[in-house]
Amino acid sequence: MGLFDFIRLKPAKKVAGNKGDKKGNKVDRGFLVFENTSEVIRAEKVLKSEGWEVRVMGPPPEIQTGCDLVIEFPLIEELKILSTLQKAGVSPIKVVPVEHPLLQPVELFQLKDFGQYLMVRAANMKLTVEKESLKIVNVSGGGCPDVPYLAQELINKPLKEAPQPRDLGFTLCGYALQLAYEEMQRQFKA
Amino acid sequence: MLMLVGTVPINGQEVYIGEGNIVNNKIAIGNQVFPINRGTAAMIAAACVVCKEYGLPRPLCVVSGDIGLGEGSAGLYRYLRDYIPRLIPQIMALHYIMPNWYYHDEFIRAVMSLRQKPILIADAGFMYVAKMSGFAPKYDIFTPDLGELTYLADGEAPHPFYTRGFIFHMEDRVEELIKMAYQEENAAQFLLVKGKTDYICRGGEILLKIDEPDIPELEAIGGTGDTITGMIAALVCKGLSKEKALEISAKANRIAGKLACPTPATQIFEIITRIPEALDYIREI
């Protein structure tokens with residue numbers, strides 16, 4: 001299901017960014033639209049590893065299909081960024097200047113200490129690890145179809161050896177689980 | 001007829017249709033078997049347990065494989081669009097699916113074309129797309145957790161991943177968020193908000209709060225919300241009012257959780273096996 005295959009012809013009842021708040025507009029920024037969320041995650045990884053300052057954001061209402069991400073980037077760097085992505089084999093299907101404020105993803109984390117276990121929550125996803133063995137023991141929350149698959153692949157594996165959710169996930173729930181995974185790693189590094 | 005719909009975590013886009021049953025600790029749908037894991041499988045397993053407990057017909061299950069690419073979800077949406085007018089389900093519980101407005105619009109059009117609209121219960125991805133499509137009031141029951149309630153309350157959020165900054169400061173604001181979700185017309189007729197305290201609501205009014213037994217470990221266990229959805233669907237099929245079905249499901253889930261003596265590492269099947277005992281306990285109350 002490509003992002004632009006199902007652009008909504010009529011506006012949804014509630015549209016983000018259409019409330020006239022011009023303060024958030026940044027004409028110096030653009031966003032990269034990809035075929036699916038998996039490609040967004042791959043492109044983010046490529047660009048960050050090359051040192052670009054990019055952010056994964058929610059798309060503006062006119063191109064939302066319901067479970068999407070876009071990458072916000074400095075427009076001035078467009079050519080270099082597109083070249084980097086082309087070399088990596090993850091070219092966007094469209095580059096669009098930012099005209100409305102993009103939705104901010106959740107960046108905060110919530111920790112719950114169960115004594116023998118630690119749970120990290122990022123947005124709607126929760127990851128739980130046994131402290132002594134650092135084994136992933138549970139994954140909960142979410143509603144996109146890759147969540148049960150990710151849980152199946154992560155549970156009972158040590159945190160260090162488990163696949164990263166971003167390498168297997170395709171959706172916003174998968175992305176949120178990646179954030180929880182990274183926070184869990186930070187917790188045990190500390 | 002009770003129809004249960006959702007994706008399961010296998011590769012492949014085929015849509016499997018058949019009566020659901022539990023066989024050797026797995027769910028069987030027609031000739032296919034699937035492990036009982038979090039998500040759609042947990043919902044189906046819980047519904048099957050309740051149907052068996054009360055001697056109800058087995059639910060009709062419609063599932064497809066989808067590991068997040070959305071192709072299996074697309075197959076499900078198309079199946080529903082084409083077959084709902086022929087199958088005419090009375091109750092539908094709709095669960096893990098890739099949210100897609102376009103397909104959802106087709107689904108809801110097919111539902112609204114029926115002479116009698118089925119009772120629609122949505123959770124997970126189907127609840128996300130129901131909200132963003134603007135058709136939430138057409139649904140009878142949503143079962144959000146606290147994070148998802150925030151998403152329903154936030155008229156601009158297209159997914160629970162995006163909420164405008166209040167997602168982590170909401171535990172003491174549940175009643176306010178419930179009102180916002182109804183005011184924004186993002187709620188079904190009934191909500192069961194799952195959390196430390198469960199809230200049963202109708203049309204913005206809180207009918208009941210349930211907070212006992214309190215088992216904090218259940219939050220970490222994947223599938224504990226899915227089992228509630230499955231139980232609600234089966235209990236509505238039994239003929240209970242929606243309000244009563246929500247109450248019994250919320251209580252039975254907590255009691256089944258307690259009976260399983262869980263840790264955060266417990267897996268959902270251990271709790272599902274305790275549902276009959278939990279229902280017996282509620283009958284004795």
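This briefing walks through the main features of a two-chain predicted model, one topic at a time. Chain A has 5 helices and 8 strands, and it divides into domain 1 (22–97) and domain 2 (109–189). Chain B brings an open sheet of 11 strands and a well-covered helix, α4(B), with 9 of its 9 residues buried. Residues of chain A and chain B also turn up together in the largest nonpolar core, which has 156 residues.

**Chain A at a glance**

- If you start at the N terminus and walk along chain A, the elements come in the order β-α-β-β-α-β-β-β-β-β-α-α-α.
- Of the 190 residues in chain A, 48% count as buried.
- Take the contacts in chain A with a separation of 6 or more: 64% of them come from residues 24 or more positions apart.

**The four-stranded sheet of chain A**

- This is an open sheet of 4 strands, and reading across it gives β2-β3-β1-β4 of chain A, with antiparallel pairing.
- The edge strands are β2 (55–57) and β4 (94–97) of chain A, each of which pairs on one side only.
- Going from one strand to the next, the twist averages 35 degrees.
- As a bit of background, strands of a sheet pair through backbone hydrogen bonds, and the pairing can be parallel or antiparallel.
- Strand β1 (residues 29–33) of chain A pairs with β4(A) in the antiparallel sense over 4 bridges.
- β1(A) is also joined by 4 bridges to strand β3 (residues 70–74) of chain A, and these two run antiparallel.
- Which residues are the bridge partners of G30(A)? In β4(A) the partner is P97(A), and in β3(A) it is F73(A).
- β2(A) and β3(A) pair in the antiparallel sense too, over 3 bridges, with R55(A) standing opposite E72(A) in β3(A).

**How the two domains of chain A meet**

- The C-alpha centres of domain 1 and domain 2 of chain A lie 25 Å apart.
- Their contact takes 8 residues from domain 1 of chain A and 6 residues from domain 2 of chain A.
- On the domain 1 side, helix α1 (residues 37–49) of chain A gives the most, with 4 residues.
- Sorted by class, the side of domain 1 of chain A that touches domain 2 of chain A has 4 nonpolar, 3 polar and 1 charged residues.

**An exposed lysine**

- K87(A) sits in helix α2 (residues 78–88) of chain A.
- Is K87(A) buried or exposed? K87(A) counts as exposed because it has 11 C-beta neighbours inside 10 Å, and the cut-off for exposed is 12 or fewer.
- K87(A) and Y117(A) are 30 residues apart along the chain, and their C-alpha atoms are separated by 42 Å.

**The eleven-stranded sheet of chain B**

- This open sheet has mixed pairing, and its 11 strands follow the order β4-β3-β2-β5-β1-β6-β7-β8-β9-β10-β11 of chain B.
- Its edge strands are β4 (32–35) and β11 (205–210) of chain B, and each pairs on one side only.
- Inside the sheet, β6(B) and β7(B) pair in the parallel sense over 4 bridges.
- L94(B) stands opposite A122(B) in β7(B).

**A buried helix in chain B**

- Helix α4 (residues 124–132) of chain B is mostly covered, and its buried residues include F126(B), Y128(B) and K131(B).
- What do the buried residues of α4(B) pack against? They pack against β6 (91–94), α3 (101–112), β7 (119–122), β8 (141–142) and α5 (146–153) of chain B.
- After α4(B) comes G134(B), whose phi is positive, near 85 degrees.

**The nonpolar core**

- In soluble globular proteins, nonpolar side chains tend to be buried together.
- In the largest nonpolar core here, the residues with the most contacts inside it are A176(A), A45(B), A47(B) and A233(B).
- Helix α1 (residues 40–53) of chain B gives the most to this core, with 11 residues.
- Domain 1 (22–97) and domain 2 (109–189) of chain A both give residues to this core, so it lies between them.
- Leaving aside its neighbours within four places in sequence, A233(B) is in contact with L2(B), L4(B), A47(B), I91(B), A93(B) and I121(B).

Note on methods. Residues numbered from 1 in each chain as written. Chains lettered and ligands numbered in written order. Predicted model: local features only at pLDDT ≥ 70, side-chain atom pairs only at ≥ 80, totals over all residues. Pairing = 2+ DSSP bridges. Axes fitted to C-alpha atoms, helices over the stretch in contact; angles between N-to-C directions. Buried ≥ 20, exposed ≤ 12 C-beta atoms within 10 Å, placed from the backbone. Contact = placed C-beta atoms within 7 Å. Core = buried A, V, L, I, M, F, W, Y, C linked by C-beta atoms within 7 Å. Domains from an automatic or database assignment. Nonpolar A, V, L, I, M, F, W, Y, C, P; charged D, E, K, R; others polar.
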